[in-house]
Amino acid sequence: MKNVAINVVPGNGSLGDTNIKYFGRWDFSSTTQYISYWGGAYIKVNFTGTTVKFKVGNTTNYYARIDNGPWVSYIGASGTIDLTSTPLAAGTHTLSVAQGKDYSYVFNFQGLILDDGAVTNAPSTGTDLIEYIGDSITAGYTDPQANVSDYAWVCAEALGTEHTQIAYPGIALVNGFGLNADKTGMDLQYFKARSLANANSPAWDFGTYTPKIIVINLGQNDNSTSVPDDTFQADYISFLANVRAKFPNAEIFVMRTLAGVKVAPTLAAVNARVATGDTRLHYIDTNGWLTPNSADYTGNSGVHPSVDGHIKVANLLKPILAPYLTGGTPPVSVYLDHCDAISGWASGNTLSLNTSDKKEGSGALQAVGSSILDFQKVFTPINTGAAITNGSIRFWYYVSDASLLGSNNQVELGSGGNNDVNEYNWDIGPLNNGWNLITKTFASAGTTGGTPNLNAINWLRIYHAKTGSVITRIDAIQILH
């Protein structure tokens, strides 16, 4: 994105016209053309007159939108592209032009051609920027209009933000893997100015723009090319640390892959970084967002979302990101229990208070043994202030040896004062040895014995089958909304 002040001086559409705003990773070093090498790069500008033409220096696929109308595709286009074969009504018009859906992703912009006497003006632009990092799914590769129809673009536009897509088909997170001949991973390529299609790319200047939010969706191609889980997890931890070093204040969201692959090491990597104190890092559980082998996917494949599938993902992602944008209200936290005392708690195992290994407050509850029941408590009713559409439960859960845990497990939260009465329930999900940050949305919960009254929550139980003695701990039980 080219950061320039709002210019009230009319322009002429030439390359140096500062009314034209650039979003993406652009190279402005030439006086004859500006080039971006990542898909989804775009420009925005307002212009007067009845016609506009767009000059480019390479053959690729472009998508143009005038006056918030539909995106029009210009496939395999080059040279001077007429965007108004039918002239517009006289007046001031808005224009956006984006590039995408080929393996070069080169957007070579050389300026606009306007009517005689027509001028440009600065467009309205979003206050915030969201950067998306991913593979072909984030690039919308199988959709006819690619980058402008994928979940990243649709979600950001719905939120009123600008956006960048640092995504490339077939790329893996881990260097040395992936589906392309060039096996460079996103762990290296993200830090370069150009996509995987461009050898010997220079490093990107991270001072060029600063995203408010970063959304990462990687792992599908690591799974396809058999990256070991421990390698993937370690690499993801390092990648998250390196991204954080570039953007210390960004809210970073890591998505569970839509196909449900590499879930455990992805979540473990996020938990490991959160455990180091990264409080602006979040995990998004996308389980159930799309239906495999349905119209949610191109050709019912279960791999690449269809246009409708991308819209579904965008609509589910939007309320998660919205509170973290300028003017948004970050989630409210209501503590069910700080886990600083064992009073009122029950367990099938030996229950105590651990004051040395805790995540918050003065202690953490600890249970030692092989019984299925870890932790259970009946509370004085608590008004969480949450709703099913915006609420979630979050807590820290420690496991000494996850290999001794069986498949029979559940987290239960309710207002009936007992199990199976006005109760939400969830499978606890993949766990790693040590502390795990667990977040479960109310919208994804199972319901037993009626819907809980979120204004009067009074019941919590966590149980997990075991094949031997295990140390478990719980701390900082919160309701977020």
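The largest cavity holds about 40 Å³ of space, in a model that is predicted. A cavity here is a set of points, on a 1 Å grid over the protein atoms alone, where a 1.4 Å probe fits but cannot get out; grid points are joined across faces, edges and corners, and a volume is the space filled by probe spheres set on the points. A search of the whole structure finds one cavity of 30 Å³ or more.

Its lining (residues with an atom within 4 Å of a point) consists of F23, G24, R25, W38, G39, G40, A41, H163, T164, Q165 and I166. Strand β11, residues 162–167, contributes four residues, the largest share. By class, four lining residues are nonpolar, six polar and one charged; Ala, Val, Leu, Ile, Met, Phe, Trp, Tyr, Cys and Pro count as nonpolar, Asp, Glu, Lys and Arg as charged, and the others, Gly among them, as polar.

A pocket, by contrast, is an open set with protein on both sides within 12 Å along at least five of seven lines. The second largest pocket has a volume of about 330 Å³. Of the 18 residues lining this pocket, K44, N68, S96, S124 and E157 are the closest to its centre. At least two lining residues come from each of β4 (42–48), β7 (92–99) and α1 (151–159), and β4 provides the largest share, four residues. Helices (H or I, at least four residues) and strands (E, at least two) are DSSP runs, numbered from the N terminus. The lining of this pocket comprises six nonpolar, seven polar and five charged residues.

Residues are numbered from 1 along each chain as its sequence is written, and side-chain values use heavy atoms, with hydrogens and water left out. Local features need pLDDT of at least 70 and side-chain atom pairs count only at pLDDT 80 or more, whereas totals for chains, interfaces and linings use all residues.
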